[in-house]
Amino acid sequence: MRSVDAEPLFIARGEGSRMYDVDGNGYIDYVGSWGPLILGHCHPAVQESLEKALRGGTSFGAPSPLEVELAKKVAAAVPSIEMVRMTNSGTEATMSALRVARGFTGRDKIVKFVGCYHGAVDSLLVQAGSGVATLSLPDSPGVTRGTSADTLLARYNDLDDVRGIMAAGGEQVAAIIIEPVAGNMGVVPPAAGFLEGLRKLADEHGALLIFDEVMTGFRVAYGGAQQLFGIAPDMTCLGKIIGGGMPVGAFGGRREIMETVAPAGNTYQAGTLSGNPLAMAAGLAMLTELEKPGAYERLEEKSARLAAELSEAAAVSSWPTCQNRVGSMMTVFFTGGPVTNFESAKTSDTGRFAAYFKHMLANGVYLAPSQFEAAFVSLAHSDDDLARTAAAAAAFFEAKAG
Ligand SMILES: *Cc1c(COP(=O)(O)O)cnc(C)c1O
C-alpha cells in the first residue's frame, strides 16, 4: 500500500466475491488472498469440510487419511507428480524442493529467473536490478553473499541467456526453477518454445527442471501450467489453492527423486503441522469443486470477458497500456509493452498505476496494490461484479482521454 501511497485496509470478513473492511465498506476482491480463493470467500463446501474436520481435532503429528486423499488427488491431477510431500507454505515447498534437487544431483547451483518469486527462501530472494542481478548480490538484508552466490540469474523468456549460463557451468547446476507462467512481476506468459527449451537444456546438462506452480497450480488449468503447455517438469511446487485458504504447500515429482526424501531417503524434510487435517480438508473440498465439469470453462469465460472489457476501457486513454492474461490471472501494465520479462514490466509507469489503483478502490474494487502482481478472477465473481469492475475502469480511463 505504501508503493501506491494508500493506507492498508483492515479486513473484517469476506463473502463470495466480496471483502468488507472494519469500517463496513465492501469491495469486489481480485486479490483472493493472493491466489488461493478461486471459489471466493467462505465457499459453503470448504466451510463445511473445515467444520467437520475441526470436530475431529486440529493436528495429530501422524499420518491421517485426509492427507493421503489430497495427495492422491494432486497426483491424479498433475501426472508429473508420482509422489508428493505436504508442507505448511509455498515457501517451505520451494525451499525443500531445492534441497532435494541438490541432494539428488549432488550439485550446488540453482538457476532462477529475474522477477520470479518463489517465497521468502534466502537463496531465492535474489532477483532484481541489473548491477545487483549481475553480481548476484542479495536483494534483502539478512541474506548472505554465500547463500546467494549459488543462485544464478537468467532473463525470463530468454532461452539464449539460459543456454549461455548452462554452457558456462551447467555441470554445477542442480535445478532450473521457474514460474511457468510468471505472476509475481505482473502476469507474464512463457513465450512459445521457452518452457520446451528449458526442458531440453535441463536434460542436456543433467539438471532438474522445477516448476513453481504455487500460484498457477489448479489456477490456469486443473493440472496447472504443465497441463496447459504440455511440459513435464521433474519436480513441482504447489500451495495456495491446494490448501483451500488454509496454510499449505506441497512439493512432488518423479518417484526416484522423491524417494530420496526422509524417511525413505536421506534428504531431511519435516514440519510439525504438515498435512494437518484442517488444511487437508479445506484443500480437498476446493479441489472437489474444481474437478466438477465446466469449472475452468466458466472461469475462462468470466476472465476473458473482464480482460476484453478492461482492454476496451484502456484503449480510450492517451496513456499507453497493455494487458497480459493466462486464464484467470491478468495484469494491466501501464506501458505500451509488450511485457515479456521483468525488464519490460519495469517500464510501467507506477505513478499511473497508483492513480488507477486508488480510483478502483474508491469505486469498490480491490486490486493488488502493485503493478507487479496478478489480478485473480474467481468462480464467485458474478456478471454484475465484472460489469461494475469494467465500468469503474472505463470511468478512470475516459478521464485520461485528453
Ligand atoms: C505465493 C508464492 C510462493 C510462496 O508461497 P507462501 O505460501 O506464501 O510461502 C512461492 N512461489 C510462488 C510462485 C508464489 O506465487
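Me: Leaving aside its neighbours within four places in sequence, which residues is S348 in contact with?

Reply: Some ground rules before that. This is a predicted model, where local features need pLDDT of at least 70 and side-chain atom pairs count only at pLDDT 80 or more, while totals for chains, interfaces and linings use all residues. Residues are numbered from 1 along each chain as its sequence is written, and side-chain values use heavy atoms, with hydrogens and water left out. Contact means heavy atoms within 4.5 Å. With those sequence neighbours set aside, S348 touches F333, F334, T335 and Q371.

Me: Is S348 buried or exposed?

Reply: Buried means under 20% relative accessible area, exposed over 50%, and partly exposed in between (1.4 Å probe, protein chains only). S348 has 8% relative accessibility, so it counts as buried. You'll find S348 in the loop between helix 12 (342–345) and helix 13 (350–362); helices here are DSSP runs of H or I, at least four residues, numbered from the N terminus.

Me: How do helix 13 and helix 14 cross?

Reply: Two packed helices are described by the angle between their axes and the distance between the axes. Here, the axes of helix 13 and helix 14 (residues 383–399) come within 10 Å and cross at roughly 135°. Axes are lines fitted to C-alpha atoms over the stretch in contact, with angles from 0 to 180 degrees between N-to-C directions. That angle makes helix 13 oblique to helix 14, oblique being what is left after under 35 degrees (roughly parallel), over 145 (roughly antiparallel) and 65 to 115 (roughly perpendicular). On the helix 13 side, the contact includes R352 and Y356, and on the helix 14 side, F396 and F397 are among the residues involved.

How values were computed
Helix = DSSP H or I, 4+ residues; strand = E, 2+ residues; numbered from the N terminus.
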